[in-house]
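Please read them with the coordinates open.

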Amino acid sequence: MTTASLGLAADEPSMVEAVSLAAVAEAGRSIIQNVETVIDGKHDAVLTALTVLLAGGHLLIEDVPGVGKTMLAKALARSVDCTVGRIQFTPDLLPSDVTGVSVFNQAQNRFEFKPGPVFANIVIGDEINRASPKTQSALLECMEERQITVDGATYPLDLPFTVVATQNPIEMEGTYALPEAQRDRFMARISMGYPDAGSELAMLDSRDDTSPLSRIDPVVSGAELRGMMAAARGVFASGAVKEYAVNLVRATRDDRELRLGASPRATLQLIRAAKAQAALQGREYVLPDDIDGLAVAVLGHRLVPTSRALGHHHQDSTPLIEEIVRRIVAATPVPVGAQGRP
């Protein structure tokens with residue numbers, strides 16, 4: 001069975017025409033404003049989520065239940081006119097429920113592949129760590145290679161392809177920790193946090209009788225999003241900026257408080273995310289500040305502290321890891337020439 005017969009032909013990035021960086025910045029502001037009609041007081045989280053989308057990465061939103069993780073994922077997906085798939089991860093979910101399954105067609109006397117919810121531009125994985133590790137692993141191939149292999153046949157996924165997954169902290173009941181290989185495939189991890197008093201009070205009025213998601217319409221088409229992504233890929237990163245990113249990542253591998261540092265994939269994704277952030281500001285080059293601002297979100301979830309460093313943080317290592325990343329950023333010198341334009 002061919003990919004074309006499924007209507008799943010992947011777009012060629014080289015055939016996408018980039019838009020101007022001014023247009024990227026303007027469209028980015030429109031998307032952020034659209035999402036913030038639903039998510040109050042979380043501008044940094046919304047900006048990082050959009051940055052990951054433009055960089056072609058995957059986003060992990062981790063926090064306690066009820067703070068708007070799924071709402072953010074849905075609002076971002078509805079702001080772009082792309083196909084959206086949603087998977088509610090539960091302990092009894094099977095890998096075939098994610099990827100799809102081959103079904104025997106008695107009339108035609110052959111097997112037909114029924115695509116699963118991952119065959120979409122934006123895939124929302126709700127409470128991903130409530131499924132078993134076996135089911136979680138069904139996402140490994142598509143997140144890294146943008147394709148799915150079922151019964152020996154490989155089906156490429158349409159581009160753009162982004163997984164926006166939510167998860168509860170691992171100390172919550174009924175959760176399975178994501179394996180390191182899967183965490184490493186997420187470009188960034190963010191937390192929502194509790195809203196301030198004003199935002200929580202406004203929420204009581206805006207969500208009294210209807211969901212604010214019902215009032216969200218797309219502000220960017222799929223073609224425009226692909227053009228924005230192409231423009232972000234074209235942002236200039238100088239050799240000094242790349243050297244700075246490499247030095248940061250290598251420092252995590254040598255830090256005494258970490259038993260697992262960031263991978264080379266982290267270096268690639270840090271630069272890609274920095275390019276997307278620069279594009280959202282209408283800037284044609286990456287600054288060290290872009291790297292610094294994204295370091296915690298891009299590197300934090302990939303790092304594993306030593307048992308000695310954990311100490312009393314044994315239940316939640318996130319604050320400790322964020323502190324370590326900030327210390328490494330502060331201690332890593334910026335190479336000469338990293339502030340220059342192309």
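1. R302 has a relative accessible area of 4% and is therefore buried, where buried means under 20% relative accessible area, exposed over 50% and partly exposed in between (1.4 Å probe, protein chains only). This is a predicted model, in which local features need pLDDT of at least 70 and side-chain atom pairs count only at pLDDT 80 or more, while totals for chains, interfaces and linings use all residues. Residues are numbered from 1 along each chain as its sequence is written, and side-chain values use heavy atoms, with hydrogens and water left out.

2. R302 forms a salt bridge with D184, with the closest N and O atoms 2.7 Å apart; a salt bridge here is a side-chain nitrogen of Lys or Arg within 4 Å of a carboxyl oxygen of Asp or Glu. The pair links distant parts of the chain, 118 residues apart, since R302 sits in the loop between α13 (288-299) and β13 (304-305) and D184 in the loop between α8 (180-183) and β10. D184 is also buried, at a relative accessible area of 13%. Both residues belong to a network of salt bridges that links E144, D184, R265 and R302.

3. R327 is partly exposed at 37% relative accessible area, whereas D255 is buried at 11%. E112 forms a salt bridge with K114, with 3.5 Å between the closest N and O atoms; E112 is buried at 16%, and K114 is partly exposed at 42%.

4. Five strands form an open sheet, paired in parallel, in the order β3-β6-β9-β1-β10; strands are DSSP runs of E of at least two residues, helices are runs of H or I of at least four, and both are numbered from the N terminus. Two strands count as paired if DSSP finds at least two bridges between them. At the edges stand β3 (84-88) and β10 (188-190), each with a single partner strand, so one side of each has no neighbour in the sheet. Strand β1 (residues 59-62) is joined to β10 by three bridges, and L60 stands opposite R189 in β10.

5. The largest nonpolar core has 76 residues, and L54 and I291 have the most contacts inside it; such a core is a set of buried Ala, Val, Leu, Ile, Met, Phe, Trp, Tyr and Cys residues joined through side-chain atoms within 4.5 Å. Helix α12 gives the largest share of this core, nine residues. A second, separate core of 25 residues includes L93, V98, A120 and L157.

6. Leaving aside neighbours within four places in sequence, L54 is in contact (heavy atoms within 4.5 Å) with residues including V24, L225, A276 and L280. T267, in helix α12 (residues 264-280), is buried at 14% relative accessibility and, not counting residues up to four places away in sequence, touches A245, V246, V249 and R253.

7. Helix α4 (residues 69-78) is largely enclosed by the rest of the structure, because eight of its 10 residues are buried. K69 and T70 are among these buried residues, as are M71 and L72.
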